[in-house]
Amino acid sequence: MERYPDLARPAVTVVEISDPTIANQGIELINQDAVQLTSSPFRAKRVVVRLEGAAVVYHSTNQRIRTRTKTAQGLLAYVTFSPQAKGTVNGLPIRPEQMLAVEPGTEVGFVTDAGYESISLLLPLADIREHFLARRREGEFRMPSGVETLQAGAGMVRRLFNWGRRLVHIAELQPAVFNDRKQARAAAQVEMVETLLATLSATTHFEPPRADQGHQSQTFIVRAAEDYALSHTDDHVHVGDLCRAAATSERALEYAFKQVMGMTPVAYLTRLRLHRVRRALLAATHGSATVSALALDWGFWHFGDFSRAYRNCFGELPSETLRRTPADAEC
């Protein structure tokens, strides 16, 4: 991972997000795909504090949302949540005594409710190995396999979250502290690593109870159906196709979507396709595309119904989205 020399780029970026379809813009550390699960006005916030190779990322949202997030290659991620955060990670409920350890390049699926807050600590894999080695504790470091849930005392995990939240708060109020001062970034990174290692030394692997495993299996059904639908955009996908892709019955498919996403498979996949059309409309340059062509690309053939559904989801007509400039889309 590259270092951040003074003035090469802002170390601190604060982004207010009102459109989930552009949630991935402006950040090189993660790749994020977001789908809003309600039709209420959406407000999310992301603050990134880039240190000397490592980074701290804060996320919050005011509405229920589904995200699929992947860290950049070479970056190990540790994620903690506020005590009030509610939702699931790969189908397992978020709990205040838990944190995530995520292997570089691994996708994590979140479904989070209003009031969600998280702090992610991202650091190069080589750096954390070096810290363990310098302490002669190399035998204690274990690379996570995919996404692993760790548990410790709730107070210990909250201390790590609070450390990150405090750093972000200072960065928002005084960005120049980190933008202009390499010493401040280096000192914060040392403190981050020490706080993280102290927390990791107190963690154990979390074994989900049977009830959680049931919800997780429903999440796997939903993900298989979603992946199938996204990879067959040129086909007319029916519920039967989703059942075959997820290796389940129609009743089980319906139950899984209602439990995980709060809506039927058809309703959710329609919303997912609406988000994809919006992303394409925002990316289109003037005269390079039409609303009808992009709608057809994502399986919408009845343009009146499509326009109504689009307006209900995003609060504007697709033609209004297409008329925006790229600068408007980033606001």
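Is Cys243 buried or exposed? I looked this up first. Cys243 counts as buried because its relative accessibility is 10%. Buried means under 20% relative accessible area, exposed over 50%, and partly exposed in between, with a 1.4 Å probe and protein chains only.

**Ground rules**

I am working on a predicted model, where local features need pLDDT of at least 70, side-chain atom pairs count only at pLDDT 80 or more, and totals for chains, interfaces and linings use all residues. Residues are numbered from 1 along each chain as its sequence is written, and side-chain values use heavy atoms, with hydrogens and water left out.

**Cysteines**

I checked Cys313 next. Cys313 is buried, with a relative accessible area of 6%. Then I looked for disulfides, meaning pairs of cysteine sulfur atoms within 2.5 Å. The search of the whole structure found 0.

**The sheet**

I took helices (H or I, at least four residues) and strands (E, at least two) as DSSP runs, numbered from the N terminus. Two strands pair if DSSP finds at least two bridges between them. I traced an open sheet of 8 strands in the order S1-S3-S4-S11-S6-S9-S12-S13, with antiparallel pairing. Its edge strands are S1 (12–17) and S13 (204–205), and each pairs on one side only. Strands of a sheet pair through backbone hydrogen bonds, either parallel or antiparallel.

I followed S3 (residues 44–50) to S4 (residues 55–61) and found 7 bridges, antiparallel. Arg50 has Ala55 as its bridge partner in S4.

**Strand S6**

How many of the residues of S6 are buried? I found 7 of 7, so S6 is mostly covered. Leu75, Ala77, Val79 and Phe81 point one way from S6. Leu76, Tyr78 and Thr80 point the other way.

S6 is joined to S11 (residues 116–124) by 7 bridges, and the two run antiparallel. S6 is also joined to S9 (residues 98–102), by 3 bridges, again antiparallel.

Ser82 lies in the loop between S6 (75–81) and S7 (87–89). Ser82 counts as buried because its relative accessibility is 3%. Contact means heavy atoms within 4.5 Å. Leaving aside neighbours within four places in sequence, Ser82 is in contact with Gly115, Glu117 and Phe161.

**Helices over the sheet**

I fitted axes as lines to C-alpha atoms, for helices over the stretch in contact; angles run from 0 to 180 degrees between N-to-C directions. H1 (residues 125–134) lies across S6 and S11, at about 75 degrees to S11. H4 (residues 182–200) lies across S3, S4, S6, S9, S11 and S12 (147–151), at about 105 degrees to S11.

**Core**

A nonpolar core is a set of buried Ala, Val, Leu, Ile, Met, Phe, Trp, Tyr and Cys residues joined through side-chain atoms within 4.5 Å. The largest one has 36 residues. Val49, Val56, Tyr78, Ile128, Phe178, Met192 and Leu196 touch the most other members. Helix H2 (residues 154–173) gives the most to this core, with 7 residues. I listed contacts of Val49 beyond four places in sequence, including Val12, Val56, Leu167 and Phe178.

**Positive phi**

Most residues other than glycine have a negative phi. I noted Asn90, with phi near 50 degrees, in the loop between S7 and S8 (92–93). Asn90 is buried, at 14% relative accessible area. Ala247 has phi near 55 degrees and lies in the loop between H6 (239–246) and H7 (250–260). Ala247 is exposed, at 71%.
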